[in-house]
Amino acid sequence: MDIESYRLLHRVRVAFSGADMTTDKDQSMDDQSPAVVFAVKGIDVTPNKDEGVRKVVKKQGEDGDRPMIGDKVAVHYTGKLLNGKKFDSSMDRKKPFIFNLGKGQVIKGLDIGVSSMQRGEVCMLLCKPEYAYGSAGCLPKIPPNAMLQFEVELLSFKGEVLTDDGGITRRIKVKGEGYNSPNDGSTVHVLYSTVHLEGRCGERLFDSRNVHFIVGESEDMGVPLGVDRAMEKMQKGECCMLYLKPKYGFGKDGRAQHKIGPNSDLMYEVTLNDFEKAKESWELDLKEKLDLSARAKQKGTQYFKAGCFLQAVVQYQRIVSWLEMEFGVGKEQQQTIQNFLLVAQLNLAMCYLRLREYALVVENCNKVIELDGKNEKALYRRGEARLFRNEFSLAMSDFKLVLQVNPSNRAAHGQVSICQCKIREHHERDKKIYANMFQKFAEHDVKAGKGKRRRGEDSGVMNENHQVAIKRRRRSQDHGQDCP
């Protein structure tokens, strides 16, 4: 390297580090030619353009969007010091590295660099120390105040899934402020525009407005449950894309006023402008909890009658969350609490029956039975759930318990008969299955026995032929003749 190259390299290092780094013993000048490449060809990808992360594209990616904050991204990467010494590589582990973008799970430089990439792109990133491991380094592999270079390939990315069933997916366009999010009961002010993605109306904007609603009660304003549930994950000022499956959109009925057909997927773009946070459960006194529970019970009944079962579930769950840990109160207050809990859990069981979530039906009925072992509704609904799960004997036991509590319950009598019929059908089916199975085993054994006898007969013939051949060979040897 000539003297001009050394001078250029020195200027690059000072520009990137903000200080003279020539005393770094681990990164010699002869090995830092990558910095020259980044200085000449690289582009600054930092939001505030402070040269903290420079990028050189080695292979162009696919045309299309780029990962957003919160997306789950899969990458291959190799990290090196400027002297070329490798300190880490996903390639060595032969397994992609997966993380959520913009969540602080990797160094700042990688978060910024990957957010600028397209699927399939390969690039080099040069990160200043403040975008890497800073003055502390990451000993023993990475010294203090080290600039790092990465080769990164973006393999894939997808939105952040907010629910266990994958019904709500979020992609953040603009990160919100701080860490506070609306909770159940918060009043929120949002500006949102909704685009129908894969439904019957094609890519059509069907709703755009300012709206004000209480979290947990968005249905009152015609806002789908998926938007409501996502509120608890958002921060003030956040703008995100929400992809809703039908369960969290307008469901099997669609929404006639928007010309949305049944079982349509939806996409909402939502900006949370402001919110007034509701009191947390631990901040409420008992009177406030009981007042709120009465309102939630009324609201839940309203949603249930309208066929909005998931929205009703939200209301009844609020009652349980407020009251299930209330102890040490007077006898009259304790009875009031128990009554609210019984109603909430019985109604949750009914909602889950409608939603065909039979395990949750059993779970909520069990909680009621713990409080009231002879609760007719809980025993009956648990029996229904078990019948739907083909647990006929358990279901019949529940219906018989119902009859012990109320012998005149005609529905329970009918269900016992149904269970008995189902049990007989099940036994008959099992008998046929096992009979056919044993018949096949017997046929297999017969065939196997014939095969053995046939192989034995063939073996006997071969032995006789072998003995004859030996005798003929001996006679021919005695007469000095060759064996034919």
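Biologist: Where is N409 found in this predicted model?

Modeller: N409 sits in the loop between α11 (392-405) and α12 (410-478).

Biologist: Why is N409 called buried?

Modeller: Its relative accessible area is 13%. Buried means under 20%. The value for N409 falls under that cut-off, so N409 is buried.

Biologist: What makes E376 a contact of N409?

Modeller: Contact means heavy atoms within 4.5 Å. N409 touches E376, V402 and L403 on that basis, leaving out residues up to four places away in sequence.

Biologist: Now the chain as a whole. How many helices and strands are there?

Modeller: The chain has twelve helices and 13 strands. It has 484 residues, and 44% of them count as buried. The accessible surface is about 27400 Å². Carbon and sulfur atoms hold 51% of that surface.

Biologist: What share of the contacts joins residues 24 or more positions apart?

Modeller: Among contacts with a separation of 6 or more, that share is 64%.

Biologist: What makes the largest nonpolar core a core?

Modeller: Members must be buried nonpolar residues of the listed kinds, joined through side-chain atoms within 4.5 Å. The largest such set has 46 residues. Y316, I319, L323 and V361 touch the most other members.

Biologist: Which elements give two or more residues to this core?

Modeller: They are α6 (286-305), α7, α8 (331-355), α9 (358-371), α10 (376-388), α11 and α12. The largest share, twelve residues, comes from α8.

Biologist: Why might nonpolar side chains be buried together?

Modeller: In soluble globular proteins, they tend to be.

Biologist: What does L323 contact beyond its neighbours within four places in sequence?

Modeller: L323 is in contact with L286, K289, L290, S293, I337, F340 and L341.

Biologist: How many cavities of 30 Å³ or more does the structure hold?

Modeller: One. The largest cavity has a volume of about 30 Å³.

Biologist: What makes that a cavity and not a pocket?

Modeller: In a cavity, a 1.4 Å probe fits but cannot get out, whereas a pocket is open.

Biologist: Which residues line the largest cavity?

Modeller: G216, E217, S218, E219, L225, D228, Q311 and V314 line it. The elements that give two or more residues to this lining are α5 (225-230) and α7 (309-323).

Biologist: How does the lining divide by residue kind?

Modeller: Two residues are nonpolar, three are polar and three are charged. G216 is part of the lining, and Gly counts as polar.

Technical notes:
Residues are numbered from 1 along each chain as its sequence is written. This is a predicted model: local features need pLDDT of at least 70, side-chain atom pairs count only at pLDDT 80 or more; totals for chains, interfaces and linings use all residues. Side-chain values use heavy atoms; hydrogens and water are left out. Helices (H or I, at least four residues) and strands (E, at least two) are DSSP runs, numbered from the N terminus. Buried means under 20% relative accessible area, exposed over 50%, partly exposed in between (1.4 Å probe, protein chains only). On a 1 Å grid over the protein atoms alone, a cavity is a set of points where a 1.4 Å probe fits but cannot get out, and a pocket is an open set with protein on both sides within 12 Å along at least five of seven lines; lining residues have an atom within 4 Å of a point. Grid points are joined across faces, edges and corners, and a volume is the space filled by probe spheres set on the points. Accessible areas come from the Shrake-Rupley method with a 1.4 Å probe; for residues, only the protein chains shown count as cover.
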